[in-house]
Amino acid sequence: MTGRCNVCGARGRFLRLERGREGTVCGNCGSTSRNRAVALTLGRVLGECIPVFAWRRRPTVRVLESSPRGALAMFFAEKFDYYGTEYDPGVIRVVMQPRAFADFQQLHYADSSFDLVIASDVFEHIRRDSEAMRELHRVLRSGGELVLTVPYDHTRAQTIQRVDTTGPTDVHVLPPQYHGGGGHTLAYREYGRDLVDLLAAAGFSVERVELDDPALGITPQSVFVARKDAAVELAASGALPRDRQTGPMLWYRLFVAYKSMSLAPLFLASGRLRGKYLFAGWTQLFRDFMHARQ
Ligand SMILES: [Zn+2]
């Protein structure tokens, strides 16, 4: 699959690591097919039809994301007033570090305090997902959007509940299935078309965006946009410009190389690297590491 990455702008062949939503990876920035699907849809929400690295900065747009990973999160941190949070039920950490930790079922943010929320493959891991949807509706401003992906099958009318969560403790209905960096994150369910009804019950208007865009290395998948107090409006999805501009290639090459080969001394030896990206990269690495340990 050859094309242009709509995250970092690189042209070339995408690495096909597996079929499905994830496995088509940009060799430059490491973004997956799902990352690029989220980026493309968020771009349509914002009216941006260029790779994410070239989006204009919106420092007053406050964005909440759960469990961000990789290069896309680094760009978001640069473009927005960005809260890239990890799930942590520990109330103290959540209250003390509102930019780093959050429990979507019980958010410690004021009403109407965010312009956008991104939840990419998060909701299937949330025990009480309808509560989380209501919480996100509460913290979004009027007209604000939630961009959402989950394991989803459009041919399925009803969500498959893998775990019975009606009681105080989890009761496995199906063999437990774990996802995530360390393979420790329990998947509570696999969504069907009733996902739209769940979001509507939380107060959102909803649109499912069906994607299949080989030129961007995006495999067939759905991204949902849910909007508070208004109908969903999306800009047309045009082709990316044909320029050859890319994000900070050197840094990303080193970042990807570092992640795979631990080239720490190279980073430390270079005094000319962009400090901001370096810092963001280390933060992300640390997060990935902590996440894998959980
Ligand atoms: Zn890329």
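The 4 donor atoms around the zinc ion subtend angles of 108 to 111°, which makes the arrangement tetrahedral (for four donors, all angles between 85 and 135 degrees). The model is a predicted one, so local features need pLDDT of at least 70 and side-chain atom pairs count only at pLDDT 80 or more, while totals for chains, interfaces and linings use all residues. Residues are numbered from 1 along each chain as its sequence is written, and side-chain values use heavy atoms, with hydrogens and water left out.

As for who holds the metal, the SG atoms of Cys5, Cys8, Cys26 and Cys29 coordinate the zinc ion at 2.3 to 2.4 Å. Donors here are N, O and S atoms within 2.8 Å of the metal (3.2 Å for Na, K and Ca); water is not among the atoms, so sites may look incomplete. Along the chain, the donors are spaced as C-x2-C-x17-C-x2-C. Helices (H or I, at least four residues) and strands (E, at least two) are DSSP runs, numbered from the N terminus.

Cys5 also lies in the loop between strand 1 and strand 2. Cys5 is buried, with a relative accessible area of 0%, and Cys26 is buried at 5%; Cys8 and Cys29 are buried too. Cys49, on the other hand, is partly exposed at 33%. The cut-offs are under 20% relative accessible area for buried, over 50% for exposed, and partly exposed in between (1.4 Å probe, protein chains only). The disulfide count comes to 0, a disulfide being a pair of cysteine sulfur atoms within 2.5 Å.

Cys49 turns up again in the lining of the largest cavity, along with Asn6, Ala39, Leu40, Gly43, Glu48, Ile50, Val52, Trp55 and Leu240. A cavity is a set of points on a 1 Å grid over the protein atoms alone where a 1.4 Å probe fits but cannot get out, and lining residues have an atom within 4 Å of a point. Leu240, one of the lining residues, is 235 residues from Cys5 in sequence but 9.2 Å away in space, C-alpha to C-alpha.

Elsewhere, helix 2 (residues 70-79) is largely enclosed by the rest of the structure, because 9 of its 10 residues are buried. Among them are Phe75, Phe76, Glu78 and Lys79.

Methods. Tetrahedral: all angles 85-135°; square planar, octahedral: opposite > 155°, others 65-115°. 1 Å grid on protein atoms, 1.4 Å probe; cavity = no way out; pocket = protein on both sides within 12 Å on 5 of 7 lines; lining within 4 Å.
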